[in-house]
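Hi,

Could you take a look at this one when you have a moment?

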Amino acid sequence: EAASISRRTANWSTRSSGPNTEISGDLVTLRNRHRDLIRNNPWAERAMNAIVNNVIGAGIRCTWKSSRRQKRWAAWWETTACDAAGRLDGYGLQQQILRAIAESGEVLVRRVIRPPADGLLLRGDPPPLQLQILEADYLDHTKIEALAGGGYIRMGVQFDAQDRRVGYWLFREHPGDSIQFFAGESVFVPADQILHLFLAERPNQVRGVPWGRSAYLAMRHIADYQDAQRERMRLASCFMGFRRVDSLTEVPPELQPDEYSLLDKLEPGTLEYLPPGMEMEFATPPQPEDDVAFIAGQLRAVAAGYGLPYEVLTGDLSQVNFSSARMGWNEFARNIETWRWSLLGPQLLQPLSRWFLEAEALGAGRLQAPEVPLWTAPARVMVDEVREIPALVEKVRAGLISMPEAIRQQGMDPDTTLAEIAAWNAKL
């Protein structure tokens, strides 16, 4: 039945295009519409905030085994030294990066190596590395070309004959935020200078698409419906009087506008004059049945489109108890783990640690000992600490998880926590 051709499926139009053909024609429209929704629709804005606050929160922290390297990392990542714009620390950049991915579908992180004249090579200072965050608009999606030797450019991303990314074609400035006349010329930037972050939902997908796109029409229709309801209630509150006159000479001059438009003048307590031949009749549109349930159902669809629980999107906890809250959170937690460790982990955190080691070697003048750091996610806010903490304690005692892992689940570094406990015990 799903593949049948009948009256019920006559208007179901489908095609077998690949992921990049689908994306190339609609990417800019999807991106612009989503940004418009975020600016003007409270549900879209709430969805963005909920994703960033739950996935990043106070920040995904990095721990190095070397105490000296940890200090250098803190001097770089936990200050504005890591930001090419000089405004955010590393945790603020994490939030900005994830928000750009969810909003625009993708984001670019450019590696910037500062020269010695900038003062970042001094002993004890952070490594001469900074990060420049670029919106997806910088990537020239119109750049599509077959190259000699089997290479090619697809939507601004250049590949070699083995389908490996070798570079990106970037505009010198944001196409929609240009100070000077925008000539539309993009330049080639090697791939080792760029991190291109997006959620690849289909194999061989080259560009990312904005999140929650299946809910865009629902959010727009909800907004239109609520705006119409507000206007209806405003008009219903307007108690007015109408006086019919035989001639406009009976109307005072100050009450005779150039263009007689009553709909633009409906205000409570107003007495309006009806000129000869004019009759006022107000329509009585049908009232929706149980519109509260209708709106709630639409918002559940919006929440599903973004991968959020309905309660997180709306803040409506009227139908929630401890068990249902835990079940809803567990499903949301799986999305959070996927976004953290399947998206940010390999595309941002791991490459970032490699860039840091390379910059550290550049600053020291020699190659330092290689090391793989440990990244710790922020703690999950417990639904009921009285019930959940004893369960965590039992897991540690039963050997199901280690004490360091239990500490990491609270968003803390085990070594730092144990050192603080030891220092405090010594004081006691």
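Helices (H or I, at least four residues) and strands (E, at least two) are DSSP runs, numbered from the N terminus.

Two notes on the source. This is a predicted model, where local features need pLDDT of at least 70, side-chain atom pairs count only at pLDDT 80 or more, and totals for chains, interfaces and linings use all residues. Residues are numbered from 1 along each chain as its sequence is written, and side-chain values use heavy atoms, with hydrogens and water left out.

Now the overall picture. The chain has eleven helices and twelve strands. Of its 428 residues, 38% are buried (under 20% relative accessible area, with a 1.4 Å probe and protein chains only; over 50% is exposed, in between is partly exposed).

On to helix α1, residues 19-40. Its 22 residues reach 29 Å from the first C-alpha to the last, close to the 32 Å expected at 1.5 Å a residue. There is also a kink of about 55° in α1, centred on D26 (the bend at a residue is the angle between axes fitted to the seven residues ending there and the seven starting there). Buried residues of α1 include I23, L27, R31 and R35.

Is D137 buried or exposed? D137 is buried, with a relative accessible area of 11%. Leaving out residues up to four places away in sequence, D137 touches R31, R35, F171, H174 and P175 (a contact means heavy atoms within 4.5 Å).

Then there's the core. A nonpolar core is a set of buried Ala, Val, Leu, Ile, Met, Phe, Trp, Tyr and Cys residues joined through side-chain atoms within 4.5 Å. The largest one has 62 residues, and I51, W73, W76, L197, Y306 and L344 touch the most other members. Helix α8 (residues 322-364) gives this core its largest share, 14 residues. A second, separate core has 16 residues, among them L139 and A191.

Last, the sheet. Five strands make an open, antiparallel sheet in the order β4-β5-β6-β7-β8 (two strands pair if DSSP finds at least two bridges between them). At the edges, β4 (145-146) and β8 (186-190) each pair on one side only. Strands β6 (residues 157-159) and β7 (residues 165-171) pair over three bridges, and V157 has Y168 in β7 as its bridge partner.

Cheers!

How values were computed:
Expected span 1.5 Å × (residues − 1).
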